[in-house]
Amino acid sequence: MRPAAPPFNDWRRRFQRRLIVSDFLVLTWAVFGAQIAWFGFGNAQVAMRTDARITDVSYWAFSVALVIAWMGALSWSDSRSIRVLGSGSNEYLRVVDASLRLFGAIAIIAFLAKIDVARGFLLLSLPVGVMVILWTRWLWRQWLIMKRRTGQFSARVLLVGSEASVAQIARELVRNPSAGYHVVGACTPTGKVADVVPGTTIPMMGNVNAVERAMELTGADTVAVTSTDELPPDKVKQISWNLQAGRQHLVLAPSIVDIAGPRLHTRPVAGLPLIHVETPRFSKGQLFLKRSVDVVASSIGVLLLSPVFAFLAMSIRLSSEGPVLFRQVRIGRSGQEFTMLKFRSMVTNAEELLEKLQREREEQGIDSGNEVLFKMKNDPRVTPIGRIMRKYSLDELPQLLNVIGGSMSLVGPRPPLPSEVAHYATHVHRRFLVKPGITGLWQVSGRSALSWEETVRLDLSYVENWSLLGDLVILTKTAKAALAPGETAH
């Protein structure tokens with residue numbers, strides 16, 4: 001007897017309804033709160049003196065209309081589309097964009113109709129409403145991520161493609177449950193059944209002609225095509241025709257990884273949906289903006305943290321022999337060498353002891369977990385005060401001076417040693433397209449626990465997809481990781 005399929009779970013609509021209720025409550029509070037804060041509970045005497053058409057009743061009605069229009073703007077901008085919920089910045093950008101467009105339209109209509117709407121009321125409603133909506137959307141995202149880690153509120157995905165591509169995509173999706181794709185099975189041209197995808201526990205459900213039956217058995221609501229090289233002609237089109245509109249979805253997963261959305265453009269050419277990948281470019285405006293943020297933020301940081309600098313300098317001087325600052329040659333943008341500054345966290349002969357430690361670990365068969373970078377959790381070269389500084393990343397504070405000097409940036413790839421660069425594969429040199437950073441994706445994604453391949457992938461992903469908003473997100477995560485370091489901080 002064929003096992004019963006799991007019941008259809010319309011989690012998308014349920015989550016969107018919760019957002020609608022949440023947005024409505026937030027906007028009602030923000031708009032009417034701004035009205036009461038600006039006018040009080042009395043009438044709008046200030047506006048009424050300049051425009052006889054406006055009464056106290058008019059403003060209550062206007063506030064109601066503003067809430068309704070704002071809700072509509074958020075819907076029309078697709079800010080609650082399931083495609084932007086749960087990850088990325090598109091959800092937040094759409095909320096801000098819809099809000100600015102709405103208030104811009106109100107300003108234009110008021111100007112053309114010569115209606116003297118109180119500007120202070122509008123100027124108070126806009127930022128308060130936007131900030132609180134963004135905050136509540138962030139809270140909902142944290143709740144959604146928590147649920148997705150248990151397999152809830154996620155698309156049930158059936159992978160279709162070659163065995164190698166299915167295995168690659170499966171590993172990535174399993175590793176990132178917060179993305180909202182819960183893999184429940186796979187169909188490959190090999191037609192394997194009663195087996196699992198290599199490296200996972202995901203069951204193989206037969207060949208690519210068994211997609212419908214596999215979806216029925218697993219309760220999958222999404223088909224993800226991981227490759228088309230080994231599929232019969234028009235197979236993807238046939239799969240799409242057999243999906244139930246509104247309840248089942250088709251996703252194409254091209255073999256292009258770590259490329260962000262803004263660089264991907266789908267352009268129909270002669271009936272073919274061609275994906276164009278734009279070459280990463282850094283305009284003069286982008287470079288100027290990044291440099292300006294670096295200089296201003298680093299200067300403020302040095303000024304505010306000067307007492308911490310003084311305390312750490314005295315602690316290092318009094319606790320061990322040697323200089324306060326550790327200077328080391330690193331490789332920066334365009335492969336140029338520069339001298340990186342850090343508070344000294346090791347004994348003065350640390351470099352001499354490095355070769356001995358590496359040899360001892362090799363003799364003991366201990367794996368550092370990284371083929372290029374030397375990592376050791378309880379490194380005997382680290383001083384007591386250095387261990388504390390490293391845990392909270394305080395030893396890296398002098399690099400703010402490198403940022404001000406122009407050799408580093410606040411956010412960027414990890415600055416490598418010349419000896420490390422000598423082991424680089426050709427493609428790894430792309431990380432030198434930008435300045436190295438005090439922090440980066442590599443630091444907020446695992447730090448010392450990362451393998452060399454993962455470190456390179458994160459660095460290259462940053463180089464390929466740089467944005468100012470991305471930098472701000474990384475800096476926020478870095479501050480959180482520094483205040484609450486985990487097991488990977490050593």
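**Strand E2.** I started with strand E2, residues 181-187, in this predicted model. Five of its seven residues are buried, and I noted the strand as mostly covered.

**E1 against E2.** Next I looked up the pairing of E2 with strand E1, residues 155-160. The two run parallel, and six bridges join them. I picked out two of the pairs. Arg156 has His182 of E2 as its bridge partner. Leu158 stands opposite Gly185 in E2.

I then followed the chain between the two strands. Helix H6, residues 163-175, sits in a β-α-β unit with E1 and E2. I logged the unit as right-handed.

**E1 against E5.** I checked E1 for pairing with strand E5, residues 222-225. Four bridges link E1 and E5, again in the parallel sense. Leu158 turns up here too: Val223 of E5 stands opposite Leu158.

**Cover on E1.** Is E1 enclosed or open? I counted five of its six residues as buried, so the rest of the structure largely encloses E1.

**Nonpolar patch.** Leu93, Leu469, Leu472 and Val473 make a nonpolar patch of about 320 Å². Which helix gives the most to the patch? I found that helix H17, residues 468-483, does, with three residues. Leu469 lies in H17.

Conventions
Residues numbered from 1 in each chain as written. Predicted model: local features only at pLDDT ≥ 70, side-chain atom pairs only at ≥ 80, totals over all residues. Heavy atoms only, no water. Buried < 20%, exposed > 50% of the residue type's maximum accessible area, 1.4 Å probe, protein only. Pairing = 2+ DSSP bridges. Right-handed = clockwise from strand over helix to strand, strands pointing away. Patch = residues over 30% accessible without salt bridge, like charges linked within 9 Å, V, L, I, M, F, W, Y side chains within 5 Å. Areas by Shrake-Rupley, 256 points an atom, 1.4 Å probe, with all protein chains shown as cover. Salt bridge = Lys/Arg side-chain N within 4 Å of Asp/Glu carboxyl O.
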